[in-house]
Amino acid sequence: MQVTSLGGLQVSRIGLGAMGMSAFYTGAGRDDAESIRTIRRALDLGVTHLDTAEVYGPYVNEELVGRAVRGRRDEVVVATKFGLVSHTGRPGPDSTPANVRAAVDGSLRRLGTDHIDLYYQHRVDPGTPIEETVGALSELVSAGKILHIGLSEAAATTIRRAHAVHPVAAVQTEYSLWTRDPEAEVLPTLQALGIGLVPYSPLGHGFLTGDIRTLDGLDAADWRRTNPRFTGDNFARNLRIVDEVRAVAEDVDATPAQVALAWLVAQGDGIAPIPGTKRIGRLEENSAADGIRLTPDQITRLNNLTPASGDRHAEPDMAAIDQ
């Protein structure tokens, strides 16, 4: 597995998002034993970048990751997030310094480690100046509890303000063949400041795998059933994107998922997607995308795909991003 740098933090070019092992996609199908086997297989394959958050579950996903890396902690970059769970009793997002300090101790305990490699603010807190939050994070760096600071779904202006207080290693945001929004302002800002980009949902919440042709196979509690891109006429229109990706995949003897990941990696250094799965077979498929090289013509063809139909999140969630 190749590596890349997120603001000086070395990670595998393709990582593993652990969220779906415990929340949102699992429904009644949660299987911790299978998930732990998948994480350990990821380490065997050279996948060193694991992503979780205290809100996944909540809490149980961090515990799961902690159990999976026990005895192999030195092989992995552990990333987690705070701010959507309040430990101070404050409603809504809480990135006050007091909450940051309480949150990190809980994450350290659940992960079974004495430090977190990459600690993200999960969403920008409109009630707390970013300078205050990053100041508290900087103190945690000095204390050795965290090694690198990250932001998630932050606007370019917020990223610059945060970086002026303490170097930001990475920004996590949705970026894929059907979510190109970061290219307008966020990605140029990161490149100018030497900050890495961690694309979450790089496979469009599974849509770009080509395996979802109807919603019939999704669990009744699966949140995608209400996602604008998976519903109504948008679903049928977005299938055309998948069909184009599949056509390129046939040209390179790969799967649509591998092509979608290879396209992301081809966007430049400092970009490290974190496709999520709880299955070893899918993990192995995703990891193998690291070895796929797309031609300039194929990249151009993918660049010119019709944009996805529908907002990427429901209205309340859209209001919390790009702050």
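Let's start at Asp253, which counts as exposed because its relative accessible area is 74% (buried means under 20%, exposed over 50%, partly exposed in between, with a 1.4 Å probe and protein chains only). Asp253 sits in the loop between α7 and α8 (256–265), and has a positive phi of about 55 degrees although it is not a glycine.

A word on what you're looking at: this is a predicted model, where local features need pLDDT of at least 70, side-chain atom pairs count only at pLDDT 80 or more, and totals for chains, interfaces and linings use all residues. Residues are numbered from 1 along each chain as its sequence is written, and side-chain values use heavy atoms, leaving out hydrogens and water.

Now for His205, another non-glycine residue with a positive phi, near 55 degrees. His205 belongs to the loop between β9 and α7, but is buried, with a relative accessible area of 6%. Ala220 lies in the loop between β9 (196–200) and α7 (232–252), and counts as exposed at 74% relative accessibility. From Ala220 to Leu140 it's 80 residues in sequence and 41 Å in space, C-alpha to C-alpha.

On to a helix. In α5 (residues 156–165), the buried residues are Ala156, Thr158, Ile159 and Ala162. They cover an arc of only 155 degrees around the axis, so they end up on the same side of α5; the arc is that of the directions from the helix axis to the C-beta atoms. Thr157 and Ala164 are exposed, on the face turned away from that buried side. What covers the buried residues includes α4 (130–143), β7 (146–152), β8 (168–174) and α6 (186–193).

Zooming out, the protein has 11 helices and nine strands (DSSP runs numbered from the N terminus: helices are H or I, at least four residues, and strands are E, at least two). Of its 323 residues, 54% count as buried. Residues 24 or more positions apart account for 76% of the contacts with a separation of 6 or more, where contact means heavy atoms within 4.5 Å.

As for overall size, the C-alpha atoms fill a box of roughly 50 × 40 × 40 Å along the principal axes.
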